[in-house]
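Here are some friendly notes to read beside the model. Take the points in order, and keep the 3D view open as you go.

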Amino acid sequence: MIKEEVPRSAARVARRRFLTLTGAATAVAFATNLPGGSTANAGTGSLPDDPFTLGVASGDPLPEAVVIWTRLAPRPYEPLGGMPYHAVSVQWQVATDERFRRIVRSGTASAKPEYSYSVHVDVRGLEPGRHYWYRFKVGRYLSPVGRTRTAPAPWQRVDQLSFAVASCQSWPDGYYTAHRHIAAEDVDAVLFLGDYLYEYGISTAGGLRYVTEPVPSQFRTEADTLDRYRLQYALYKSDPDLQAAHQNAPWISTWDDHEVQDNYANLTSRTNAPVEDFLVRRASAYRAYWEHMPLRTPAPRGPNYMLYRRLRFGRLAEVSVLDTRQYRSDQADGDGWKVDSAVRRDPARVLAGAQQRQWLLDGVRGSHATWNLLANQVIMSRMDLDPTAGNLYNMDAWDGYGAEQQQVLDGLAALRGRNPVVLTGDVHAAYALDMKRDFADPASQTFGVELVATSISSGGNGQEVSANGQKFLDGNPHLKLVNERRGYIVVRLRQHELRADYRVVPYIDRIGAPISTVKSFVVEAGNPGLNPV
Ligand SMILES: [Fe+2]
């Protein structure tokens, strides 16, 4: 049983290899630079094994700060992750070189049982626009080394920025080969747009990966308690490719539905559970999400968490990170794909909510950045599955909230020179869309673009273009690309243009797939619209 409960051997081999390469040097540096030297383990007691099984991460870069993260879990599938039931001191270091010869910040954090021994350090006093390396230490155990990067200073002229855009990583559906490739991309940050995990129980019926990597019986049930969500994160985060993607760059993350439950809407669960019960579940899910992500804001207060936020990258880009789950009205007409209706267009129904909507439009209006990126979850542009017969819309997307969708689109269209770029996940397909003043009129003004990233793994191997994908292409002239393989987008920003490379892998049912660019677009600053390369 215990053998079954350790993360899969690949992760352990990868970590061992990493420590062989850098471990000796890092151990010396820690002994030299930290009080107590290599035996410092005040408050650690003795751990049964290496506690750094879930890797390290960093996120939400500011010009002078970045959050670094880890979680101690020597036996991640056991209660408490195999940790003793008391707080444990974790030392951390940040250096300007990967061998930690020049350590610029260091300290001690406390990993507490009530937060499943996660550590979030908001490292301050850093220099803007540069790489740093970070690591943690508990007793004699050193974590892997992560690389991160601060945002440029507000006044800084930045020649180029690049982001990997990704979403949807159902573990049972296949290997995270796309993450292995993200780990090799030279990007300033990874924008992760939701479905970091799926709440479903995992069994032989639930996907190909279970067959090669069986997981113990506690994974059979759906995640709906704090412990069960934590267990699901432990599984997902034990993946070596996901760990590598975190180690390569800071992440800017938001959630979608599956971090809690498929297609939930604010207080309404998919199964219409009593609100008081669903609030308990939502609180557990939000807390587990916070525990496992490199987020700056303190832990959620009960069932609420302020996730929407804005990050600035000099005068080149601002990223408005949205949360379209926590405040939304219930899906119209019973959810799913439905013909147009009065309920769909009811102005009382919201997706972002009045407060967030105002914050978004005010922020873009006041922005001094050339490019204004929206880290969005569900598709914002119109996507009509059946334009010939009364229209067919996805009630879970912005289309399902027609009044607020129009308010946001009109608000963005009214702003001149802001170059809005909506980045979206959710649909397990890569799309590229021109955002139109009037989607029904292909000749109307294009005011921005929406770049939809396919999934990392959800949906399995996928295909080039499905029958529905072809329907979308035929019925939506503003849609310029459909590709249903797995992968991500690399968005490169310069002062005069944006370039989006749609990166895909041909399969994920076995490891080692190569990456290739299936399509690229360029957008000129001040001249909105997709130009195929
Ligand atoms: Fe998804």
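1. Start with the fold as a whole. Among contacts in the protein with a separation of 6 or more, 70% are between residues 24 or more positions apart; contact means heavy atoms within 4.5 Å. This is a predicted model, in which local features need pLDDT of at least 70 and side-chain atom pairs count only at pLDDT 80 or more, while totals for chains, interfaces and linings use all residues. Residues are numbered from 1 along each chain as its sequence is written, and side-chain values use heavy atoms, with hydrogens and water left out.

2. Next, overall size. The C-alpha trace spans about 70 × 50 × 40 Å along its principal axes. Of the 533 residues, 61% count as buried (under 20% relative accessible area; exposed is over 50% and partly exposed in between, with a 1.4 Å probe and protein chains only).

3. The protein has 10 helices and 24 strands. These are DSSP runs numbered from the N terminus: helices are H or I with at least four residues, strands E with at least two.

4. Now look inside. The largest nonpolar core has 50 residues, and Ile182 and Leu235 have the most contacts inside it. Such a core is a set of buried Ala, Val, Leu, Ile, Met, Phe, Trp, Tyr and Cys residues joined through side-chain atoms within 4.5 Å. Elements that each supply at least two residues of this core include β9 (160-166), α5 (226-237) and β21 (486-494). Leaving aside neighbours within four places in sequence, isoleucine 182 touches residues including Ala164, Val190, Ile456 and Tyr488. Apart from this core lies another, of 37 residues, with Ala317, Leu423, Leu493 and Phe521 among them.

5. What runs beside β15? Strand β13 (residues 317-321) is parallel to β15 and joined to it by 5 bridges, with valine 319 opposite leucine 373. β17 is also parallel to β15, through 4 bridges, and leucine 374 has valine 422 as its bridge partner there. Two strands pair if DSSP finds at least two bridges between them.

6. Tyrosine 198 lies in the loop between β10 and α4 (209-212) and histidine 428 in the loop between β17 (420-424) and β18 (430-436), so the pair ties together parts 230 residues apart in sequence.

7. Tyrosine 198 is buried at 6% relative accessibility, whereas histidine 428 is partly exposed at 25%. Histidine 428 also has a positive phi, near 60°. Most residues other than glycine have a negative phi.
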